[in-house]
Amino acid sequence: ATNRTFTMIKPDAVKNGHIGNILAMITNAGYQIVSLKLTQLSVKDAENFYAIHAERSFFGELVEFMSSGPIVAAILEKENAVDDFRTLIGATNPNEAADGTIRKMYATSLGENAVHGSDSDANAAIEGAFHFAIREQF
Ligand code: CMP
């Protein structure tokens with residue numbers, strides 16, 4: 001069925017000038033952009049967004065990185081959006097990401113891995129609502 005996922009182009013990829021190329025890969029893969037903005041997470045925002053990882057050893061590093069500079073947030077729509085997007089971005093660790101995936105092409109490390117993709121329909125809805133008002137969801 002047609003559904004939605006949520007993505008962020010992370011501070012590393014924004015800094016490195018990859019916004020345009022990554023959005024092109026996303027739209028070339030058949031995604032419709034439902035919502036889109038350049039924004040920056042505060043430390044508190046990042047702690048709230050990643051609350052499920054609060055007990056992990058890398059939480060502090062993750063929050064510091066994700067609040068370190070501008071990000072692009074987007075809601076995307078397509079048939080099988082969540083699963084196909086995880087295929088498009090590749091493994092969390094860019095060293096393990098398949099050729100042609102966004103992380104293989106643009107990520108620099110496990111922590112600074114260029115893009116986020118929701119892991120379920122339920123989380124896509126929660127994460128999209130974190131960043132966008134209803135009137136911003138087209
Ligand atoms: P993402 O799946 O978007 O959301 C959680 C993030 O935590 C993940 O991307 C990685 O960038 C990051 N992450 C996972 N494992 C580690 C780790 N061992 N060290 C630093 N960051 C990590």
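In helix α5 (residues 81–89), A81, V82, F85, L88 and I89 are buried. They share one side of α5, because they span an arc of only 120° around the axis. That arc is taken from the directions running from the helix axis to the C-beta atoms. Buried means 20 or more other C-beta atoms within 10 Å of the residue's own; exposed means 12 or fewer, and partly exposed lies in between, with C-beta atoms placed from the backbone. Helices (H or I, at least four residues) and strands (E, at least two) are DSSP runs, numbered from the N terminus.

This is a predicted model: local features need pLDDT of at least 70, side-chain atom pairs count only at pLDDT 80 or more, and totals for chains, interfaces and linings use all residues. Residues are numbered from 1 along each chain as its sequence is written.

The cover over the buried residues of α5 includes β1 (2–9), β3 (71–79), α6 (102–106), β4 (115–117) and α7 (121–131). Just after α5, G90 adopts a positive phi of about 90°.

The largest nonpolar core has 31 residues; I9, I22, L76, I102 and V115 touch the most other members. Such a core is a set of buried Ala, Val, Leu, Ile, Met, Phe, Trp, Tyr and Cys residues joined through C-beta atoms within 7 Å. At least two residues of this core come from each of β1, α2 (19–28), α3 (43–49), α4 (59–66), β3, α5 and α6. β3 gives the largest share, 6 residues. Leaving aside neighbours within four places in sequence, I9 is in contact (C-beta atoms, placed from the backbone, within 7 Å) with V14, I19, I22, I71, V72 and V115.

Now the ligand. H53, F58, E61, L62, T92, L110, G111, N113 and H116 surround it, each with its C-beta atom, placed from the backbone, within 6 Å. By class, this shell holds 3 nonpolar, 5 polar and 1 charged residues. Ala, Val, Leu, Ile, Met, Phe, Trp, Tyr, Cys and Pro count as nonpolar, Asp, Glu, Lys and Arg as charged, and the others, Gly among them, as polar.

An unreviewed UniProt entry annotates residues 2–136 as "domain: Nucleoside diphosphate kinase-like". Such annotations may be inferred rather than shown by experiment. Over residues 2–136 the chain is 41% helix and 21% strand, with the end C-alpha atoms 19 Å apart.

How values were computed:
Two residues are in contact if their C-beta atoms, placed from the backbone, lie within 7 Å.
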